[in-house]
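Look at the sequence and the structure together while reading this report.

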Amino acid sequence: MKSVCDVLHGQTPNALYPFLWVHGVESEEELRREVQKIRESGIGGFCVEARPHKDFNGPGWFRDLALLLDEAKRTGMEMWILDDSHFPTGFADGAVKREHPELCKKFLCCKTLDYAGPMENMTAVLKYALRDPRDKILAVTLSRKTAFETIDPTTTIDLTDKVYTFEDARTGEIMLSSMGQPLPSNPKEGPCVAVDFDLPDGQWTLNVITVSYKGGEKQTEGYLNPLDSAATKVLLDTVYEPIYAHFGEEFGKTLCGFFSDEPRLGNIHGAEDAAIGHNSAMNLPWRDGMENLLAGKLAGTALTDRAAGNIRALLPLLFLHSSDESAHVAQYTYMDLVSQLYSDNFDGVLAAWCHAHHCEHIGHTIEDNNATARLGYGAGHFYRAMAHQDMSGIDVVIQQLLPGMDEGMFKGMHSPGWDGEFFTYMLGKLGASLAHLDPAKKGRAMCELFGAYGWGEGNRLCKWLSDYMLVRGINQFVPHAFNAAPFPDPDCPPHFYAHGHNPQYPEFRQVANYLNRMSAVLSGTHVAPVALLYQAEAEWSGEFMLTQKPAARLARNGIDYELVPCEVLKADTAKDGALHLNGMQFRALVIPYAEALPVALLENVQRYLDAGVKVYFVGGLPIRCCEGGPAPVLEHAVVTTLDALVETLTADSIPALHLSAAAPYLRYYHARQADGDVYFFTNEGTQPLCTTVTGAKPGAAFVYDAFANVVTAAPDAFALTLAPYESRCILVPDDPTALQVQAVAALPAGVPADCIHLTACTVSLADADTGCAEYGAPLPLEKLLSLHRLPGCIAFAGRARYAFRFTLNEAQAARPAVLALTAQEGAIVRVNGTDCGVRICPPYRYAISGSLHTGENLLEIEVNTTLGRRMNDFLGQYMPTEPQGLKSEVTIQLF
């Protein structure tokens, strides 16, 4: 297997580009040293984090970029640049707000007033619908009210042409808020705005539709309008072009491209209340002339005639419910339009510039808590938002993923909480699936990882997060972060080197090497039995089931899947009883419940059924088409419940692999290469698991150890006994003789014949403040206890060196031996001066047979800590503060 042999021979492509935070105050020596520390970690690239730089776009910025570029060239590294001076991308270094205010974000707003008639010649005052002197009224309509925030659109009367202005007592006075306070910048009241009309009998709703620069989230006020390509060009002119002017000769060489960080629509803060049709108070992203684009989009829907006649009468349906399907159709069409406008006018414009300048465009949007198909934090549609980027992209920060936190919501720094089910069963798969489905991505799926977990995050949790990504198909990484600022910098720790203060840094190379090697070894075509429909169009169109609900059932039962959007499911996708998507084949399509789905998708589903593809609707068949009208009858489709989904798939022989015992936290990834197959298994739970896997490709099996970078023969490779944090990579080559197999003896298993339990020892401490360079005098311990329990060590951070002495007779010294221990965090073991290896996560088991001798033996164990107890940082409060050092007893197992 070529990919494995290359890695075994040290020919491992770089897959890591950590953020390097640069502040504009560091010396040349400090910047060069930080780049060198990245290189010493086994990493071949970095991304310059522009956000904290004090002279962004000024002489200091270009001075530092030149220096970093020179150091990257000198050390053979690649360099990326984050593309704005402020988080998130879209600020354009303030140039939009400062020089092009007309290109700032715009919003469509709706003010609703309910009246009871009849009343002839009534006047409705409209001026309070205007938030800013620049606001414009786009439409004023009157509709019969059928329930709260629900109208009968067939009764709508367009009053827009009857709107007039006149001067009242407030005209020319300082504009006041609803609480009577002057507004910022003290704008003055204009003429009063009103409309006169005859109000019919019954309850009626007056809707005032305005276009405003106000009304979005505070965090991105003054940002560019991502629906307008002219606004995006300001970002290019302000940030990209000056960098090209300075360093154009390095584009596509040392300078690889630009990273866009979390751009979004920003009409509301967060994701929880940003779903179309679920928050009537939410203002909607807009641009000039968008009503005409919307009218054009509505052509071919159930609203075709009404849109052609008067689009203004339909605009309230973007905010309210309707007594018929009209609101669902309008809202679906709007989301279909706005997500494509974002893709074409923001992401597509940036990508086109990069490609024309011989570099790449990467980054990620905000995916948090189902933002992927919503407004606000989202960009409307994950796959469209990332369509033009050269890699797919996601991020995991602020403890969004933690072992065991995979069910429902859990409290964290984000006040609404984190949706553990979304982050566990959706997020990684979104990034990987896009990379697998889009040929332009070349299989590359990127994640910004490890950031803002706090100083309590160590290499052990980094390994768990790495496995989460790898087992879902993520293979490019932007670790967060290296930081050249003086230690301690409170900005989003941990920082991996931290000027030598982070005790985890010497072993961080283990994490980097592991990621680089495994990313290469897991290359190839993903093999999974199920294509699972991405929920966007369903969510825009009525009642729906979150995709993570069936995804969780599949994953917990050993059934792998790709998340597929509607647009890749073409009429000719099915062949020979399977779906064929960019080289992948799926035996089943699973569709979570949706009240409505696009008509083209439903028509294609019938084609798939006719071609022998198994299609499963979870929770029921759709009732409507997104464009309006009843859903077509689907012959031979299988309807199942969420609880019965796995049983139904199993009865139809859909699962590819089978487990001898239930293992709900076992995850796997199967990649098919030109010369063999790779299977990767990991335990994401907090307890050990034991199961045997059947159904894999027949043939000789080998285990690849990415830490040791060795391959060993393993006839029982698929008999899995995995500790928490443990993983196994299994190779099944077409030609077993082509692998460079090492005769490395496996650790003895089973029940040991004898055990020697060690408790009494000495411990010496090296403090993080000295860079762990100096160990203190040995302290005797009768039994092991957390280091923070030692006198004066309540806030200890650093490294601890334990020394145990024990005596063996001749027979004991000759037996196969394993050292077993538990530690927080990494543990280096030496026996009688012989290095027996390092472990950064469970299982902490070491082969020590060849290092023992008759008589007295010396066992030394060096354990590192995190900086969690020393720093007690704000982010750290959201994770348990763990004990330090060796836990319980140390055992020598003799077999």
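## A covered helix

In helix α14, the buried residues are Q548, P550, A551, A552, L554 and A555. The helix runs over residues 548-555 and is mostly covered, with six of its eight residues buried. Here buried means under 20% relative accessible area, exposed means over 50%, and partly exposed lies in between (1.4 Å probe, protein chains only). Helices (H or I, at least four residues) and strands (E, at least two) are DSSP runs, numbered from the N terminus.

This is a predicted model, in which local features need pLDDT of at least 70 and side-chain atom pairs count only at pLDDT 80 or more, while totals for chains, interfaces and linings use all residues. Residues are numbered from 1 along each chain as its sequence is written, and side-chain values use heavy atoms, with hydrogens and water left out.

## The chain as a whole

The protein chain contains 18 helices and 47 strands. Its C-alpha atoms fill a box of roughly 110 × 65 × 55 Å along the principal axes.

Of the 895 residues, 60% count as buried. The accessible surface comes to about 32,900 Å², and 52% of it belongs to carbon and sulfur atoms. Accessible areas come from the Shrake-Rupley method with a 1.4 Å probe; for residues, only the protein chains shown count as cover. Contact means heavy atoms within 4.5 Å. Among contacts between residues at least 6 apart in sequence, 78% join residues at least 24 apart.

## Nonpolar cores

In soluble globular proteins, nonpolar side chains tend to be buried together. A nonpolar core is a set of buried Ala, Val, Leu, Ile, Met, Phe, Trp, Tyr and Cys residues joined through side-chain atoms within 4.5 Å. The largest one in this chain has 210 residues, and those with the most contacts inside it are I243, Y334 and L731. Helix α8 (residues 326-356) gives the largest share of this core, 14 residues. Apart from this core lies another, of 36 residues, among them L784, L790, A813 and C836.

What is I243 in contact with, leaving aside its neighbours within four places in sequence? The list is W61, F62, L65, I81, G248, F251, L255 and F258.

## A buried residue in a strand

F617 is part of strand β27 (residues 614-618). With a relative accessible area of 1%, F617 is buried. Not counting residues up to four places away in sequence, F617 touches I591, L597, V605, P622, L634, A637, V638, V639 and T640. From F617 to A813 the C-alpha distance is 62 Å, and the two are 196 residues apart in sequence.

## The loop between β18 and α12

Several residues with noted features sit in the loop between β18 and α12 (505-521), including P494. A cis peptide bond joins P493 and P494, with omega about 15°. H499 is also found in this loop. H499 is not a glycine, yet its phi is positive, at about 55°. The relative accessible area of H499 is 21%, so this residue is partly exposed.

C492 lies in this loop too. It is partly exposed, at 26% relative accessible area. Beyond its neighbours within four places in sequence, C492 is in contact with W21, A452, H480 and L875. H480 is itself joined to A481 by a cis peptide bond, with omega about 10°. A481 is in the loop between β17 (476-479) and β18 (482-483).

## Two further loops

C772 is in the loop between β39 (761-767) and β40 (779-781). Its phi is near 60°, a positive value in a residue other than glycine. Is C772 buried or exposed? It counts as buried, because its relative accessibility is 13%.

G826 is in the loop between β42 (817-824) and β43 (827-831). At 4% relative accessibility, G826 is buried. Leaving aside neighbours within four places in sequence, G826 is in contact with R839, I840, E862, V863 and N864. The C-alpha atoms of G826 and V863 are separated by 5.5 Å, although the two are 37 residues apart along the chain.
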